[in-house]
Amino acid sequence: MASAASIVKVTDGYNVNVFKGKQGQMVKVAEFLDSKGFIPKELVQNEVTWFYEFAAYGDRERNDFGLWFPVVVRLFKNLGIDDYYFALESVDTIGNHIMALYGAKIFAYTKNDSALDINLESETDEGAVYIHTSRPGVSQLIGPQHERRIDAKYLDESTKEKAYRLESFRSSGTVSSTVITQLRCYFITHCQFVNPNPTPEKETDIRLVSDKNFLEKATEHTINIYEDVMKNVLQRTGPVIEMYKVEGSREHRIVIGYKQRTTQTFFSAMSDLYHYYDLYSTRKYVEQFSNGVTIMSIYLNPLPNSKGAPIESSIYQIIKEASLLYCLPTTPLQFFFQTNKLSVQEAIYGYVGWIFAQHFLNRLGNEYGSLSNILDHTDPVHEEVLNRIKKRLRQDTFTREYILDIVKLYPDLVKLLYANFAMIHYVNQREASLAPTLSYQRLQTQKILTDEELYDKLKRTTSNSHEFMVLESFLIFNKHVLKTNFYQPTKVALSFRMDARFLPEIEYPQPVFGMFLVVGSEFRGFHLRFRDVARGGIRIIRSRNNEAYSINLRTMFDENYGLASTQQRKNKDIPEGGSKGTILLDITQQDKAKVAFDKYVDAMLDLLIDGQTPGIKEKVIDLYGKPEILFFGPDEGTADYMDWASQHARKRGAHFWKAFTTGKSQSLGGIPHDLYGMTTRSVHQYVLGIYRKLGLKEEQVTKLQTGGPDGDLGSNEIKISKDKTIGVVDGSGVLYDPEGIDREELLRLANSRLMISNFNPEKLGKKGFKVLVDESNVKLPSGEIIDDGLSFRNNFHVNPLGTAQVFVPCGGRPEAVDLSNVGKLLDIDGHPRFKYIVEGANLFFTQEARLRLEKAGAVIFKDASANKGGVTSSSLEVLAALAFNDKEFEHNMCVKDGTVPAFYEAYVKEVQRIIEKNAELEFDCMWREHRRTKTPRSVLSDDLSYAIVQLQEQLQKTKLWDNVELRRIVLEEAFPKLLLNKLGLETLLARIPENYVRAIFGAYLASRFVYRYGISPSQFAFFEFMGENYFNKVGGMGSRNNRVGSY
């Protein structure tokens, strides 16, 4: 119910539009019509007066063709077109509209129709006017669909630089006495802000950031309401929704504020929402502000003789569902919502289920499992065949279009599946004893089936196995959702914490500890982690065209799983396990990366932080039942967003905000990987290790590098190396010089983080060239013609021109080299074109391709071993954030006004030393193990990671941890010396969560043992290791608590 404070007067909204020049305009319009000759001269004055004054002719009726007739009089008697129309439009436009109406009357007369179909429109760059017949409470499903046009052309595209405001009115009279159709008018105008570029200090002053017309038309009450809403919008990520009851009537006013360009088609979707509840609007306004805020105001009334719920109840449901609609205003199931076959909650649930089915429908079948068991997984050819079959089955068996067609066949089953989901996760926030929401009432009246009954219902209702499998996946989804923000009062995207045990082991052999699915209007995303305490980057996936989007859509979860799995292996030296997040931008939203990232993070925080604010953020049903902390890091497309995520977590009250993200700016205590070359320090240690073992001089070695001077890895590889680089490939194209690219010019680009397109061509040798992606028909010094620069760039790493001693991929898409093209990396004699490969970029090679190259004689070190420097840096950044309190953290770790704290500077150097030491230890271990066992290094890398990770987890559960003295000795070695000296071990143990400290203990012991004794040590090796290094420091090897049998 609306409180007394939220009851407003009819006059509290906007001032009535009055156009003082109306009489003079009428004369000019009559002259225009007379000059055109379309309307008989004797009728021009009548038509103009009728259009302007409507009821001037009372009940005068003439049945002669072309003159007044009953339908015309009834049509425009008290029609009530708002004066705003006459103030906006030119004489010519109004005249053309009158002629169009005259033609419509003639057409209706010839058809003997009692109602007119009116559709007037005028569009310019400065705005638009639309007037059309409209039946109250009914959405336009066919025809012009003006509101969707307004969304797409004006409202969705509004920005601070170019924004449009809207006023919309429903006519006070009806089009015909026999039907309830009325006229709906929309007036869109270009905003003229008082201050187009407000400073942060002034952006909350509504009188400075408003459109001038709004300030003239809005009442003081509306200005005050909007200012409060605007301030809340600037503080929150999602929509701000307020409701007011209009005094002396049943009319209710809903005011919704949100940030510009954070949702699409929301204005038209809101119409579908209130129509579903048998309501219609008399007036609607959309205002834009130069601080990036949009505010929508809608006046709602119940339809006469409606059988729906009273507006006093339905208005609360609309408020609740408006937030859901803001997340996903339009889905492929919108038609079922518009036609009342599904509620908005059911339709959006169906959409999420459709997405889940696209990614997780078991499409491989038992035959794939049988084939997998027969083939030899150590044979790269067999493994590649399996992967190709898997991709083909996923692509061809159940396309997303086919899945959607099946879902659309069974809206009634979607309703039942939704009820099954809702009965677990729905929380009726308004206590049933007071005013249960309509959705809660619907659930109480609907028959709820058990899982077994629902499974049987799906079996009996569907026509074939494919239909059953699609709808069964919805039931699988229901069973594995542990918590969701679906029913949070306010949200920006939908998030689901999943129990990942539904993933088939044959496809995903390494169990996933935690899984999140996030769905927004601009994107879909996943987050996977392989351990409770885990960290990894968040990656934005873009698509150049529809074909690329379809491929990315099919592969994104597998890519996410592969990246997280690689991260798990890479994180062998640190306490956190591996995780990774991916955000796939919708093909129509490629410019919304920041919006998508913000929504992804906020929706995840909904499930990490207990809601404490009724009506905004409330507690959710939590079937997981344990607190969770996620650690995010930068990855492709998100490096600039880490500051915001950390500060947003702080604003939302997350106690872990300092450690929530790594890669933050230095002012927030971050240690930038690119500035200090953290990832490159690990990669380059492997390159130097090869030179050291084989006696090579770096200055004489030729090298090809993908990932250019504009990127983190690429720029730092250029700055830290001294080799003869013959080729660099980046986003802009290919740079090549067989004599060695000018290093001074390369360093200039690397220091400025510029692409190779900025390379001075005068610095190239006679055989050198630069081919950019947007070039075509380029002639190389050899005479070869390059037809397409983009294709040349994409495939240069397998081009014979790129042959060098060393290949260091520092960038590129996953699986750039697989069994289909790895043969191009071999010469005619079967020898590798690159003798030594250090895989800096994640997943650049498939495992099958690596094994093929190693078999041909290449020395290759894979990503999970080579590029772990970044994760080590991030882990130590997190450790400092957990160790210091807020004041200490700001003093010791935050760079202010260019002043670097002494502790920060020293800590960075210690982090670099730790990275280099860890890389050296692993390199030497792998070199020894390969010489001893002849096992391919690509396999050894995984075996080494597995051995360390497995031992780490075992050590955390042994009695070794219970030996306090031993624990302290190990932790004093494992913690960075600077932190120990600054805070002391007792403070560190008191502040850092115990599960994190256990992980440090296990990771340090496990990695040091395996690096020394290898992956298959003798049964006494660990006893020897502990005895030499620790037992003699805690009372000797013979102490009862330290015997091997005790652990």
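This is a predicted model: local features need pLDDT of at least 70, side-chain atom pairs count only at pLDDT 80 or more; totals for chains, interfaces and linings use all residues.

Residues are numbered from 1 along each chain as its sequence is written, and side-chain values use heavy atoms, with hydrogens and water left out.

The chain contains 40 helices and 25 strands; these are DSSP runs numbered from the N terminus, helices being H or I with at least four residues and strands E with at least two. Of the 1047 residues, 58% are buried. Buried here means under 20% relative accessible area, exposed means over 50%, and partly exposed lies in between, with a 1.4 Å probe and protein chains only. Contact means heavy atoms within 4.5 Å. Among contacts in the chain with a separation of 6 or more, 70% are between residues 24 or more positions apart.

Axes are lines fitted to C-alpha atoms, for helices over the stretch in contact, and angles run from 0 to 180 degrees between N-to-C directions. An angle under 35 degrees counts as roughly parallel, over 145 as roughly antiparallel, 65 to 115 as roughly perpendicular, and the rest as oblique. Helix H13 (residues 344–360) packs on helix H16 (residues 400–409) at about 140 degrees, with the axes 10 Å apart. H13 and H16 are therefore oblique to each other, and their crossing is right-handed. A crossing is right-handed if the near helix is turned clockwise from the far one by less than a right angle, and left-handed if anticlockwise. On the H13 side the contact is made by Trp354, Ala357 and Gln358, which meet Arg400, Ile403 and Leu404 of H16. By class, this contact has 4 nonpolar, 1 polar and 1 charged residues. For these classes, Ala, Val, Leu, Ile, Met, Phe, Trp, Tyr, Cys and Pro count as nonpolar, Asp, Glu, Lys and Arg as charged, and the others, Gly among them, as polar.

The second pair is helix H32 (residues 869–883) and H34, with an angle of about 140 degrees and axes 9 Å apart. H32 and H34 are therefore oblique, and they cross in a right-handed sense. Gly869, Thr872, Ser873, Leu876, Leu879 and Ala880 of H32 meet Tyr907, Val911, Ile914, Ile915 and Asn918 of H34. The contact of H32 with H34 has 7 nonpolar, 4 polar and no charged residues.

By class, the contact of H36 with H39 has 8 nonpolar, no polar and 2 charged residues.

Leucine 955 sits in helix H35 (residues 937–957). Leucine 955 is buried, at 3% relative accessible area. Leaving out residues up to four places away in sequence, leucine 955 touches Leu960, Phe1001, Gly1002, Leu1005, Ala1006 and Phe1022. The C-alpha atoms of leucine 955 and alanine 999 are 9.0 Å apart, and the two residues are 44 residues apart in sequence.

The structure holds 59 salt bridges, each a side-chain nitrogen of Lys or Arg within 4 Å of a carboxyl oxygen of Asp or Glu. One of them joins arginine 148 and aspartate 272, at 2.7 Å from N to O. This pair links distant parts of the chain, with arginine 148 in helix H6 (residues 146–155) and aspartate 272 in helix H10 (residues 266–276), 124 residues apart. Arginine 148 is partly exposed, at 24% relative accessible area, whereas aspartate 272 is buried, at 2%.

Glutamate 929 and arginine 932 form another salt bridge, with the closest N and O atoms 2.8 Å apart. These two residues are 3 residues apart in helix H34 (residues 902–933), so about one helical turn separates them. Glutamate 929 is buried, at 5% relative accessibility. Elsewhere, salt bridges that share partners join Lys483, Arg497, Arg529, Asp532, Asp622 and Glu628 into one network.
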